[in-house]
Amino acid sequence: MTKHQQRVAEVYHFFDNKDTVLGFRKLLDCAIDTQDMSIYKEAIDLTDWKETHNHAIDELIEKSKNLLAKIEKVQVKEHISEHSVLKAKDIVKSYGSNRFSLGPVSVEINKGQVYGLVGENGNGKTTLLRILANEISFNDGSLNYSFNEKSKNDYDLRTKLVYIPQRTEKWYGSLKDNLKFVLSNHGVSAEENETRTLMMIARLGLWNYKHLKWSELSSGYKMRFELARILLRKPEILLLDEPLANLDVLAQQVILEDLKSIANSVNHPIALILSSQQLYEVEKISDKVIFLKNGKYKDNSDANGEEESQLIIEIDTNESRDKLLEVFKDFKLEKLNFNGGVYVAYFSTETQFYEVISALGNAKAEIIYIRNISSSTRRFFVN
Amino acid sequence: MQKLNKFNQYLLERYSTIWNTKIVWMLLAAFVFHIVFFIIGYLSHIDPVSLQKYSVKDDYFRNGVIFVHLIISILLIVGWLLMMLKNNAFKNFYPTSKGKLFGQFVQYFIIIFSCTTFYFSYMNGFRMFINNKYPDQEMAKNVDIINRTAPFLSQNIESYTLENRLFPKPFFALYCENNIEKIDRNKKFFVYYNRVYQYYSLYSKKSHQKDKRGNFIPPNPEYSKKIQPAYSDEQEKFETFYYKKDVVDLSSSIKTTQPSFYNFSEVFYDYDFKDFDNGVGATEVVYYDKDSPDNILKNKKAIINQKTATLLNSKNSAELEKLFDDFLSISKTYSVRNNLNAKKWVSMIYSKDNPNFEVRYFIKDYDGKTRYDEDEYYEETVAVDSAVATTDNAKDSIKIREFNPEINQQLAPDKYVKNNMTEYYYLSENMKDLLKNVDSVKKDDFFSDNVHIYIWIAFFLSTFIFGFRITGLRSLLFSVISAGVLTLSITLITVFYGLTFRGREEFFVAYFVLFIGLVILLIPLLKMNMTSKMVSSVLINISLNGFVLLVLLIFAIISIHQKAACQLPVTHIDYDYTYQNCPNIFEDLGFMISYIILIIGFIFMYFYTAILQKWKAMPE
C-alpha cells in the first residue's frame, strides 16, 4: 500500500464516520497530490456543489467517495527527501552595540517537517525567520539551502524562500486574479492556471469568498488568501511569522491543521517553520518547537539534564496553595510556583502524572485545567 | 464586457507582464484619444481666417489644445499607474528574468509615449485637412495668380521705384548704384525726388584666401587700391567679388523715374523663400545678402517684372480684369478681407494720361476700421518705410540739390502716398500668412522637430516609475533628496573652485560630475555588498535615471575638448592659415545624438536589470 493509498483510506474512514468537515479537506489534499487536472476539475465541481447544497450530507458523502475511488487509482509519485532543505549552523546576529544579539542558532529542517518557533516578544523570533528567509544579513555562521533545482542567482534563490511577515500587504484588484498572476509568473501553463487556482481556493475553504474584495475579508480569511497565494508558488520551504495572530481559537486550530496536512503532502512536502505565541496549539502540530529567550536557543528535544526527566504540571485551580501542598505531600514535590493565575508544580523523576491526577481527584480538588508540560517548551515560559 | 474580461483572463494566464502593465488597454485608450486629437486637428482650422496669422503650426500650443492634451495625458498616466501598481511580481519575488524586466520597462516607455504624443495626431489631422482643402495643384495655380496680381496692389511705394527693375535684360545684368556718394555726376544718372540711380556694368573676381577671422580677402589689385566691391557672393570655398566697370546709359528703356508698375519685381509669395520675410519683396540691400540664394530669387523676380510689363504693354484691360476677378475670387475663398472691385481697380491702372503706368493710387494694406486708423501711427509707418526716404542729413540735402535742383517743387514720396491713398484696402499680409501656413503645415517636418521632447519625457518617466516599482517609494524619495543634495554640493564646489582657481571651470565641472556619476554607477555594479541595501537603492535609482545624462555629459566633454583643441592653433596663426569651422560633435550629429543616447539608454537598461535583481535579493 502506497502512502497515497493510505491517505485515501484515512479519508474513507472520515466519511464512514460522517466527519465531512475534516474529511473533505483531506479529500482535497489527496486530490491535489494527484496533480491530475481532470481530478482537480471534479474536485472543484464537487466543492461548488457542496457549497450550494449545505445540508445534503449523505449525498455529499456518496459523491466524495465516488471521487475518492478515482483519486485512489491515480499513481502519485512520492517525494523522497534525503537532504535537509535548510541547514543553518551557528547563526549569530547582533544589533547595534551589543544591545541585542541572537544566537548562536542552528536549525536543520527536512521537507514535510513542521517547526514551531516560540518565545516572548522581542526575543528574536522574527529576526531568526527573516535571516532564514535571506531577508536580513547575519554576522556569523552559515546558511545553506538545498532545493530540487539549483538556483541560478541570488534573486532566483529568493523566489524559493517564501516568507510571510506578520503584517501582510493589502491586495488590490480581484483576489482570484492575484492568485492567477502568481501561477502565470511561475510559468504554469495557461490551461492549468484557472483550475489550479480554483483548487487552491477550494482547499483553503475560500470558495464563498473568492468574489469579495480584500477589504471585505476578515483577518483570518486574509491570512488564508495569503496562504493560498504562497502555496500556489509550490514552495519547498515556508517561513510564517505569527500566522495565528488575530485569529480566534477555532480558526487557529483549523489553519494549523491545514498547514500541517499541506506540509505533509505526498508528492510535494514543505518544510514549514512558523512562529507563534500560541504555544499549546503550535506544539500540537509541530515536529519540533524552538524556544527563543533573549536570543538564545532551546528546543523541546534538548536533553537538559534533570529537567528532562522531571515531571512538570500546570494546574489551574481555585484551591489554595496549602490545599495543594497537602494533596502533594506524598509525592516528591520540588517546587510549586504560582504564575499568572496558574500553579506550576515540579516533581522529581519518580512521580507519575496519573498519580498526581488521581491524588487531586481523591482530594476532590476543583480543577479547571491540568496539563503535563514536562516535554513542552511551555516549561521555559513558566520558569 | 464579458468578452473584455475573457481577453483579460487570456492575457493573465499567458502573458502576465502584459496583463500587469495593462499595455493593451492603455494603447487602446491612447488610440482613441489619438483619433480624437486627429479629428480636433482636422477641424481646428476649417475657417481660413484662422490661417491668417503667424505660424499656425504652433496653434496647438497657443489655443489651449495643449492643456486638454496635458490633462488627458496626466489622467491616462495616473489611471494607468493606479491599475498597474495593483500587482508587482518583482516585489513579491515571483520568478523573473532580465528579458522580462526589460520588457516591462519597454512597455512603460511605449505606454507613456503613446499617452503623451497626441500632438502628432493633431498635426496629422491638421495636415490632412490642409491637403484636402488646399491641394497642391490648386495652390500652385492660385499662387501664380496671386503673384501676378500683387504688382497692382500698390501698397508700398518702395516696390515701384527704379532700383527694383529687372526687365528687360540690361536691368537684370547691370548694377544699380543708388548711393548718392558713389554717383558719377559726369555720367548718365536718373533722379526721383531725393534718390539718384546710376547703372553700371560689372566684372567679377574670385578669392580663395581667408583672413584670421575666416573672411575671404578681396582680390588684388582692387584690395590694395581700396576699391570697394559693388557686392559679393560668398560660397563655401571662395567668394566672388563684383566690381563696377562702366556706366551704362539706359535712357531708352526708362520712360519715367516716377514710381511705376514697370519697376515692380517682387515675388509676393514663394515658400522656398519664406525665411526671407522681407527679402521676397526686397530692396537691393537684402537682395544681395550673401546668404540669399539670390540667383534663383532674382530670376523669379525678373519673371514677375516681365509678366507685369507684358500685361501692361498688351493694353488689354479685359485680361487684367479677368486676372483681378480670379484674384478676388481666391481672396474670397480664403476670406482675405478687402473691398476691391475688379472693374474699378482696372480703371485705376489704365488711364489715358498715364502711358508709363506710374503708380497713381495706393491701396491700404489694413482695414480702415482697425487700430491702424490712428493718423499719427499711419504717417510714421505706412507706405514709406525705407531709410533712403528719410535723408534728414543736411549734407545729403545739399548734395541732392546738385542732382535734382527742382526738388523743392516736387512732392516727397510719403506725401505722394498720402495724397494718392484710396479708400480701398486689401489685407495682403493675411494672404501671405495663409499661403505660408498652408505650405508650412504641408511640408514642415513637425515630427522630427518635436519627437525628441516626447521621447525623453517618456524615457525619464519610465525610468522613474521603473525605479519606483523596483526599489519602492522610500528609496525613490531618498534618491530624489540625495540627487538634490548632490546637485547643490556640486554647484557649491564649482563656485568655490571658480573663485579660488579661475579658468577652465567647464572642464572642472564636466570631469567632476563625470567622476561622481561613475562612482555612483560603479558601486552597485562592482561592490554592492559594501553598502547597505538602502544606500544601494539610492545609487541604483540615480543610475537608472541619470545614466543617459551621463552619456550626454560624455558627449559634452568631447565637445568642449573639440572646442579647446580648435582654439589652440589661433595663437600661431599666419596669414595663409586656412581657417576651418571647429568640429563639434553636437553640430555634427544634430538630433541624431538624441537617438544614439536613447539606444544606449535602452541597452543599458537591459543589462542593468541583472543588477536590479541582485539588489532585490540582497539581504538588509
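The model is predicted: local features need pLDDT of at least 70 and side-chain atom pairs count only at pLDDT 80 or more, while totals for chains, interfaces and linings use all residues. Residues are numbered from 1 along each chain as its sequence is written, and chains are lettered from A and ligands numbered from 1 in the order in which they are written.

**Domains of chain A**

- Chain A is assigned domain 1 (3–73), domain 2 (86–299) and domain 3 (306–382); such bounds come from an automatic or database domain assignment.
- Between the C-alpha centres of domain 1 of chain A and domain 3 of chain A there are 44 Å.

**Contact of chain A with chain B**

- Chain A contributes 22 residues and chain B 16 residues to the contact, where two residues are in contact if their C-beta atoms, placed from the backbone, lie within 7 Å.
- On the side of chain A that touches chain B, α6 (154–160), α7 (175–185) and α8 (190–203) of chain A each supply at least two residues, and α7(A) gives the most, with 7 residues.
- Helices (H or I, at least four residues) and strands (E, at least two) are DSSP runs, numbered from the N terminus.
- This side of chain A holds 7 nonpolar, 10 polar and 5 charged residues; Ala, Val, Leu, Ile, Met, Phe, Trp, Tyr, Cys and Pro count as nonpolar, Asp, Glu, Lys and Arg as charged, and the others, Gly among them, as polar.

**Helix pair in chain B**

- Helix α6 (residues 98–116) of chain B packs against helix α24 (residues 592–617) of chain B at an angle of about 120°, with the axes 9 Å apart.
- Axes are lines fitted to C-alpha atoms, for helices over the stretch in contact, and angles run from 0 to 180 degrees between N-to-C directions.
- α6(B) is therefore oblique to α24(B) (angles under 35 degrees count as roughly parallel, over 145 as roughly antiparallel, 65 to 115 as roughly perpendicular and the rest as oblique).
- α6(B) supplies B:K98, B:L101, B:F102 and B:F105 to the contact, and α24(B) supplies B:M605, B:Y606, B:T609, B:A610 and B:L612.
- By class, this contact of α6(B) with α24(B) has 7 nonpolar, 1 polar and 1 charged residues.

**Sheet in chain A**

- An open sheet of 4 strands in chain A has the order β11-β12-β10-β13, with antiparallel pairing; two strands pair if DSSP finds at least two bridges between them.
- β11 (333–339) and β13 (367–372) of chain A are at the edges with a single partner strand each, so one side of each has no neighbour in the sheet.
- Neighbouring strands of this sheet are turned by 20° against each other on average, direction ignored.
- β11(A) and strand β12 (residues 342–347) of chain A run antiparallel and are joined by 6 bridges; A:N337 has A:V344 in β12(A) as its bridge partner.
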